[in-house]
There are 2 protein chains.
Amino acid sequence: MVPVTAADVAAVHPRLAAHVRRTPVLELRLGDLGLTGEVAHAPLVAKLDLLQPTGSFKVRGAVALLTDPALQERLRAAGVIAASGGNFGLAVAWAAARLGVTATVVVPSSSPRAKLDPIAALGAELVLVDGVYADAFAAAEGSRAASGAVLAHAYDQPQVVAGQGTSVRELLASAERLDTVLVACGGGGLLAGTIAAVADRIRVVAVETHGTATLHTALAAGQPVDVVVSGQSASSLGARRIGAHAWAVRDRLAAALLVTDTEVADAQRRLWQAARLVAEPGGAVALAALTSGRYRPAADERIGVLLCGANTDPGSVAPVPPPR
Amino acid sequence: MVPVTAADVAAVHPRLAAHVRRTPVLELRLGDLGLTGEVAHAPLVAKLDLLQPTGSFKVRGAVALLTDPALQERLRAAGVIAASGGNFGLAVAWAAARLGVTATVVVPSSSPRAKLDPIAALGAELVLVDGVYADAFAAAEGSRAASGAVLAHAYDQPQVVAGQGTSVRELLASAERLDTVLVACGGGGLLAGTIAAVADRIRVVAVETHGTATLHTALAAGQPVDVVVSGQSASSLGARRIGAHAWAVRDRLAAALLVTDTEVADAQRRLWQAARLVAEPGGAVALAALTSGRYRPAADERIGVLLCGANTDPGSVAPVPPPR
């Protein structure tokens, strides 16, 4: 496996311009999020990738893959196939519809209809497979082998990793100066892309929940191993193990932090209170490292954070209403 | 009454920089919002003032008033008083807390606690008055006369109008080129500020709902008259009559449009679907003119829209979940 480089991210970036949004950034102070003391005046530059089409950054990787010049012949002949009933499946369906590619999305039959209907509405063929995600992925691999379709991997494929790296690349271009960026890690596609794009210039900090700790578990074991996934962030960060791309660049991480589900829910509520933004649990994991105090900025440190997904019931992020 | 000018807006703008956000803009295509046909490729530049502290653009006017050099002596001696149980009351309480000014907010006793608790939490003194908004305003005027406090008017005061005009001023500075901006009208503070700031350069279109049609009613009557307020946008756009500042510049409007409550709710849902943004009804009224087809852009026309408030239950903007 050849690690993705900053040059790879730069090379795919122009292919995305006609399709995904160059999402805006919002500059906050940590005090806006309810933090007190010395850190209250520390700036925070939030990249609003939760405003992307389909509600997550995943469209970046999907478009990067489907616009790869080397794949066009296969894509025209046999289409794309992905295994995901979540944000990546939706992103592949969206990108395929936009680019005129036939898409098949294989999902576990246990997936809630609310997640599947938008994928079907985009024209993708839905294939339901009994079992869990791993069974769906095995079925997708088998189908790819038979049909010649391009297999899209949610987090461990060079084009996808390079596409995800464009988010932090835009963040750095928008912000005056950043010292550190906080990024959520599930399978590690966004993390690997972020490291490739900017780890030579700023510190990259990975954040996971205890229930989706693929990176921490691998670091403890000395190699990628399967984890048991749980918690509210599992729907977007619940990969079974860290991807090879993220694992290959672990030494370039400035830190790897863990947050709890409660801290993530608190970060979601603070973000709504401070700026009326809705983040799904996985989309607020990186922010939770700050709001929980698990990441403590140095004096004058300028922090960026990738707010990467909003696919949740928006009512779930509002504070508990006061008693009447 | 001396109308607010572009120079007035430019003059207050630097006073706001340390307090309110220079909110980002998001460029969409009308097709992203589900519009089809020729207009699908038309660009739409949305000013995200719904990401402001307190969830609405109203902090602009409140800060503009409370930082007026000519008022500092009175503000230090006797504070500020406002009548509003809604977005303006919250904005005045927030700005006063930030600037160290004593604030009193007079509200009708019928106001829901969910609206009042955040105002009290910011340290403002809440005064409950029996009756409706007009009774609260009369009480605030009486109290101001007795105490010498500065009275803050939600939409018809030069400093407030000039402050609201900074939103579109930033929009024009951010966007490559705009031909037209759509703006909601209630009492007309944002509208008057917008006209002052940019009507010499681009077309300004006012949008109201049938239940909050202060401008249309005044235009029909030939003068400002009281209206009976109703509908879901009333909590933010429900002024009893158009302000003198907006009325004075009505001839500079390119158009004045009406939308229905159903069209506003549809615009809220489309905005969530397209970009995962939550707008309150009043915050989506201007957008509704586009999504309903009541405003039809010309070929190549570049439209801006002020998304000006998000103070609603975020769960209310999600599409109806599909049947299981």
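Predicted model: local features only at pLDDT ≥ 70, side-chain atom pairs only at ≥ 80, totals over all residues.

Colleague: What makes the pair Asp32(B) and Arg21(A) a salt bridge?

Modeller: The closest N and O atoms of Asp32(B) and Arg21(A) are 3.3 Å apart, and the rule asks for a side-chain nitrogen of Lys or Arg within 4 Å of a carboxyl oxygen of Asp or Glu, so the pair qualifies as a salt bridge. The count between chain A and chain B is two salt bridges, while six residue pairs across this interface are in polar contact, with both residues at pLDDT 80 or more.

Colleague: Which elements of chain A supply two or more residues to the side that touches chain B?

Modeller: They are strand S1 (25-29), helix H5 (113-121) and helix H13 (261-275) of chain A, and S1(A) gives the largest share, four residues. By class, that side of chain A holds 19 nonpolar, six polar and six charged residues.

Colleague: How many residues are in contact on each side, and how much area is buried between the chains?

Modeller: On each side the number is 31, with 31 residues of chain A in contact with 31 residues of chain B. The buried area between the two chains is about 2300 Å², and carbon and sulfur atoms give 63% of that area. Of the area that chain A buries against chain B, 26% is supplied by Arg21(A), Arg276(A) and Pro314(A), which is more than any other three residues supply.

Colleague: What is the volume of the largest cavity, and which residues line it?

Modeller: Its volume is about 30 Å³, and the search of the whole structure finds one cavity of 30 Å³ or more. The lining consists of Val4(B), Val161(B), Ala192(B), Ala196(B), His245(B) and Val249(B).

Colleague: What makes the class count of that lining five nonpolar and one polar?

Modeller: Val and Ala count as nonpolar, whereas His is among the others, which count as polar, so His245(B) is the polar residue of the lining, and the lining has no charged residues.

Terms used
Residues numbered from 1 in each chain as written. Chains lettered and ligands numbered in written order. Heavy atoms only, no water. Contact = heavy atoms within 4.5 Å. Buried area = accessible area lost by both parts, 1.4 Å probe. Polar contact = N/O pair within 3.5 Å; in protein donor to acceptor, adjacent residues only side chain to side chain. 1 Å grid on protein atoms, 1.4 Å probe; cavity = no way out; pocket = protein on both sides within 12 Å on 5 of 7 lines; lining within 4 Å. Points joined across faces, edges and corners; volume = space filled by probe spheres on them.
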